[in-house]
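Open the model in your viewer and keep the selection tool at hand. The tour goes from the whole chain to the inside and then to a pocket.

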Amino acid sequence: MHPKIRLPSSGHSTPSPPHSPLRSPRLRHGRSKPGRFNPPGRTLLQRLTWHILSVLIRRQGVFLFAPLLYISGMLLYMGSVSFDVVPVIKHRPAPGSVYRSPQLYAKLRPEMEADNSSTDAISTIWKHSYKGVDWKPCTNKSSGGLPDSNGYIYVEANGGLNQQRTSICNAVAVAGFLNATLVIPNFHFHSIWRDPSKFKDIYDEDYFIGTLENDVQVVNKIPEYIMERFDHNMSNVYNFRIKAWSPVQYYRDAVLPRLLEEKVIRISPFANRLSFDAPPAVQRLRCLANYEALRFSSPILSMGESLVARMKEHSATYGGKYISVHLRFEEDMVAFSCCVFDGGEQEKVDMEAARERGWKGKFTKPGRVIRPGAIRINGKCPLTPLEVGLMLRGMGFNKSTFIYLASGKIYNAEKTMAPLLEMFPNLRTKEMLASEEELAPFKNYSSRMAAIDYTVCLHSEVFVTTQGGNFPHFLMGHRRYLFGGHSKTIRPDKRKLAQIFDNPNIGWKTFKRQMLSIRSHSDSKGYELKRPNDSIYTFPCPDCMCRLNKTEDSKPSSRLNKTEDSKPSSHLNKTEDSKPSTST
């Protein structure tokens, strides 16, 4: 034997590589022994299969071609199959993306009608209180005269009834802040609402001027000697194009110098041109204008109060308590939402025509994609009359409850209103409560009709909002102002409702439990304090209201303390100088 050498001795020779391992005796010869891999009696196909397997085992590199062989086999298979029998994969809509409320109503209706467990929900609905105390209106008027005015402010209020209301209240606040004289706002004629009404047609003009007389000077028109400089043409007056939600400091820095120079300025359009986050003195003027100075004109107020009395008379068995519902299912609202309901091809044609009439080309711009299912899932679709009825019955309001419906002309009313009337036969509208002669002075004026609805909804025990917008937001704030800080408003979570209404397996008891949860949540949200960027017209606490457990003249927060920073004008911060202070 030779000894093992770890290193080569001289580099002239190298050790031989190790021998390759011997093949398995089974694979050393091309043919296998009978009885093993090629047993006798096999068919030709079986022998071919065993042959292929033996080659694969001997030549493992063939496995590199396995994917190619697989793909080739699949192509051969697909070529032998007729495409007429390929199965079609159906897309399943996301939960909440399809309008299936009619099917749900048909399923739940027998149990709903048989349910006798409902209590007097209208008398027991509001249980929540704000830390055991209530709030009261706390908007104080100023006493004494006003300093000399810095000039006249003329604004154009655009939009519908409540958007115009925003413009009026903001104009009062700006005029007071700048120590200016406010000209009665001009209402801009809108292509959607198409109402030519003027300020005095909607509101009591004399009452408005008288209420503000010690806080903001208000006049009907600009004096002639000033208008002579502009050839008696308001279009010649300098118009400020102010960005939306501008801070009050912008008016002091940019608007006031021009006002002092020209003695009259114009701001058009003016809706939403003042930030909600403003100093306490500005907020006080907003409160004073909205909750005290703006009173509907005598014809509207008289008609509205008559309808309130009739609703209370009809609901005498419930102590004169009734529900008001703001239903936004007019054709223009359905069209604008881009949601799909159950009207089929006719609905599609109607909505496309309505969108083209009201918003020419807006919805057909190149690249714009409309996804009705996503809109519904996000809770952006208006509730249908059927869905409102289902929701209220689930919340415990029984068939004999009286409901006032505030709405314009309902789309396809004969069909869409039928289920709601089945669930609540005691439903009333202004057209049902008043005669044609009584409504004639208001009939062709959308803002005046909306003002009547506003009055009846304001005095209901329960207000139900279904779509958002200025109307319910103003009503919620006004109801808080009247009802001790609680809005007494049902605000459903429409994202949650979309999921519930699209659930075909839900039973009546589960449905009712879900609706009662939404009702309870609305009760707990009845009291809400205004946050910095919230609307004071929706959340009057604490700027416009005080807690009842405080003295009559106390303010609800230190934010209402009078400081030079919060009252930059001489009107709001009495000094010898009649011009607004330049401090912030």
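How many helices and strands does the secondary structure of the protein chain come to? Colour the chain by secondary structure: there are 23 helices and 13 strands. Keep in mind that this is a predicted model.

Next, show the surface of the whole chain. The chain exposes about 31,500 Å², and carbon and sulfur atoms supply 54% of that area. Of the 584 residues, 47% are buried. Among contacts with a separation of 6 or more, 78% join residues 24 or more positions apart.

Now hide the surface and select Leu178, Tyr203, Phe208, Tyr251, Ile267 and Tyr404. These have the most contacts inside the largest nonpolar core, a set of 79 residues.

Zoom in on Tyr203. Leaving aside residues up to four places away in sequence, Tyr203 touches Leu161, Arg165, Ile168, Phe187, Leu294, Arg295, Phe296 and Ser297. Apart from this core lies another, of 53 residues; select Met351, Leu386, Tyr411 and Val464, which are among them.

Last, go to the second largest pocket, with a volume of about 680 Å³. Select Gln467, Gly468, His473, Arg491 and Pro492: of the 29 lining residues, these are the closest to the centre of the pocket. Then select helices H21 (470–482), H22 (494–501) and H23 (508–524), each of which supplies at least two residues of the lining. H21 gives the largest share, four residues. Coloured by type, the lining divides into seven nonpolar, 14 polar and eight charged residues.

How values were computed. Residues are numbered from 1 along each chain as its sequence is written. This is a predicted model: local features need pLDDT of at least 70, side-chain atom pairs count only at pLDDT 80 or more; totals for chains, interfaces and linings use all residues. Side-chain values use heavy atoms; hydrogens and water are left out. On a 1 Å grid over the protein atoms alone, a cavity is a set of points where a 1.4 Å probe fits but cannot get out, and a pocket is an open set with protein on both sides within 12 Å along at least five of seven lines; lining residues have an atom within 4 Å of a point. Grid points are joined across faces, edges and corners, and a volume is the space filled by probe spheres set on the points. Ala, Val, Leu, Ile, Met, Phe, Trp, Tyr, Cys and Pro count as nonpolar, Asp, Glu, Lys and Arg as charged, and the others, Gly among them, as polar. Buried means under 20% relative accessible area, exposed over 50%, partly exposed in between (1.4 Å probe, protein chains only). Contact means heavy atoms within 4.5 Å. Accessible areas come from the Shrake-Rupley method with a 1.4 Å probe; for residues, only the protein chains shown count as cover. A nonpolar core is a set of buried Ala, Val, Leu, Ile, Met, Phe, Trp, Tyr and Cys residues joined through side-chain atoms within 4.5 Å.
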